[in-house]
Amino acid sequence: MATDQRLTPQSKDFAAWYTELVQLAGLADYSPVRGCMVIRPYGYAVWELMQAALDDMFKSTGHQNAYFPLFLPQSALDREAEHVEGFAPQTAVVTRAGGETLEEPLVVRPTSEAIIWPVVANWIQSYRDLPILLNQWANVVRWELRTRPFLRTTEFLWQEGHTAHATAEEAQEEARRMLGVYREFMEEWMAMPVVTGEKTPSERFAGAERTFSCEALMRDNRALQAGTSHYLGQNFARAFEVQFQTEAGRHEYVWSTSWGVSTRLIGGLIMTHGDDEGLVLPPRLAPHQVVIVPIWKSEEQRRTVLDKARELRAALSGRVRIHVDDRENMTPGAKFFEWERKGVPLRIEIGPRDVAGSQVVLVRRLKGEADRKRPIDEAEAVAVLPELLTGLQAEMRAAAAARREENSVRADSDFEGFRSRMAGLGGFVYAGWCGREACEQKVKDETKATIRVIPDQEFRSQEPPERCLCCGRAPAEEVLWAKAY
RNA sequence: CGGGGCGUGGCGCAGUCCGGUAGCGCACCUGCUUUGGGAGCAGGGGGUCGCCGGUUCGAAUCCGGCCGCCCCGACCA
């Protein structure tokens, strides 16, 4: 519905801008349950587009969807020591059901390893049954102290991939492959560039041997962990007795992986591209890529203009997601503002003058071009619209990448410089790290910045850093520091 | 759990200091006029003032207790 409420500018209060935008763009709403949000139809439409794209990618890498229960027996969760320890503080537990106290409490899944592996163990006898490549789309619950729509909620939607392999090498490759899939999705679909790499031991998933991550930089210069992929080694296989017989006839535990992205991606999308007018959606994830706003005065004009609008929609449907906003009793101006707030990439205005001249007025949502609004021949519009959208997608991606680079520093900078940067501007800082947890912790305590990732080769500096940012010793690694969500 | 703020029609708020039976803007409904950047006029509907208790002839307002939400910190995708 139309509203004249203005957004707090990003520069004034980014957090306020974000929460207001989520509401005003109709993406989500608060709910009667603390920490749990309602995803509204427009927000859910974005999620469905994300799901469709990711699901295709999972299928084409050989994965199959399945569904495992919401409840985990407490005893199952308890079987992998680090895993329980990691999740215990965040679990919701059902102790009563059917009017009686349960003999064994049921944990609402914070992630599904503990119910998948005991079951899948029965599906695996020999190496011929491997690899097992599963994915599930599900909701999970992690009790959070502080929540924000999409970024951190008590219940959230995600996909979790779970795979089992006959060798460690193959499992590691799988974890890496899926990280690559995430990266491709984030860059190609979300137009959100990411730095990939490995997490330090302190930031690892509970129970994992190695955790890989995609890290994106938001417009307020804070990092967002957008997706993670874990090499679990044989930890879960041992805990849940997932064994197979090798070609040579021996029994071995499988090597497994898990990987996930969540509705948090929508938060990333908002904070990567949104501006003071509202949401800005990349065409590939826009529920409406083009909205036609008809303009009329008389009843006769209304008919002509609407006919033209529907004709145009018909000419483009199948190639472009296009919507005709034929609501009465709402002025064109109000519609312009509403669709801009909702981030629709392109708008077409059709009035009596346009119909007479066989033209339409084309307006792009993205700022930064002098002729943001221009008349275009009707037939030409039909021809060029799809490629215009492709162009916008590329433009958004390039702009986001440029912004990230402008806010990335590569320097063996001194700790004081780093401290003041993190207190002010923020952004990504590539610097040396000696590899000791004490240094990682000290920097975190003093600056709130954390090691987001040990970047993959392609992101590393040409000149490797010479000293640890914190203690000045010879660095073991170059790492990416930032304040994170 | 610590610090700060706030609970009054769907949303945003005023009224609270100084008690007298609830008001404004937006949204909503009806009608007419409008429509190329957030329409105008007229009429209309909608609120146990977060909850419980106390003081009082009388409480949104004063007192006591409780609950909830938001923001900032410690845990996390």
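Questions and answers on a predicted model follow.

Residues are numbered from 1 along each chain as written, with chains lettered from A and ligands numbered from 1 in written order. Local features need pLDDT of at least 70, side-chain atom pairs count only at pLDDT 80 or more, totals for chains, interfaces and linings use all residues, and side-chain values use heavy atoms, without hydrogens and water.

Biologist: Is Trp137 buried or exposed?
Modeller: Trp137 is found in strand S7 (residues 132–141); strands are DSSP runs of E, at least two residues, and helices runs of H or I, at least four, numbered from the N terminus. Buried means under 20% relative accessible area and exposed over 50%, partly exposed in between (1.4 Å probe, protein chains only). Trp137 has 18%, so Trp137 is buried.

Biologist: Which side chain makes a polar contact with the side chain of Trp137?
Modeller: A polar contact is a pair of N or O atoms within 3.5 Å; within protein, one must be able to donate a hydrogen and the other to accept it, and residues adjacent in sequence count only if both atoms are side-chain atoms. At 2.8 Å, the partner is the side chain of Asp55.

Biologist: Why are the buried residues of helix H13 on the same side?
Modeller: The buried residues of H13 (residues 415–423) are Phe415, Phe418 and Met422. The arc is that of the directions from the helix axis to the C-beta atoms. They lie on the same side of H13 because they cover an arc of only 60°.

Biologist: How many salt bridges cross the interface of domain 1 and domain 2?
Modeller: An automatic or database assignment sets the bounds: domain 1 is 14–273 and domain 2 is 290–388. A salt bridge needs a side-chain nitrogen of Lys or Arg within 4 Å of a carboxyl oxygen of Asp or Glu. The count is zero.
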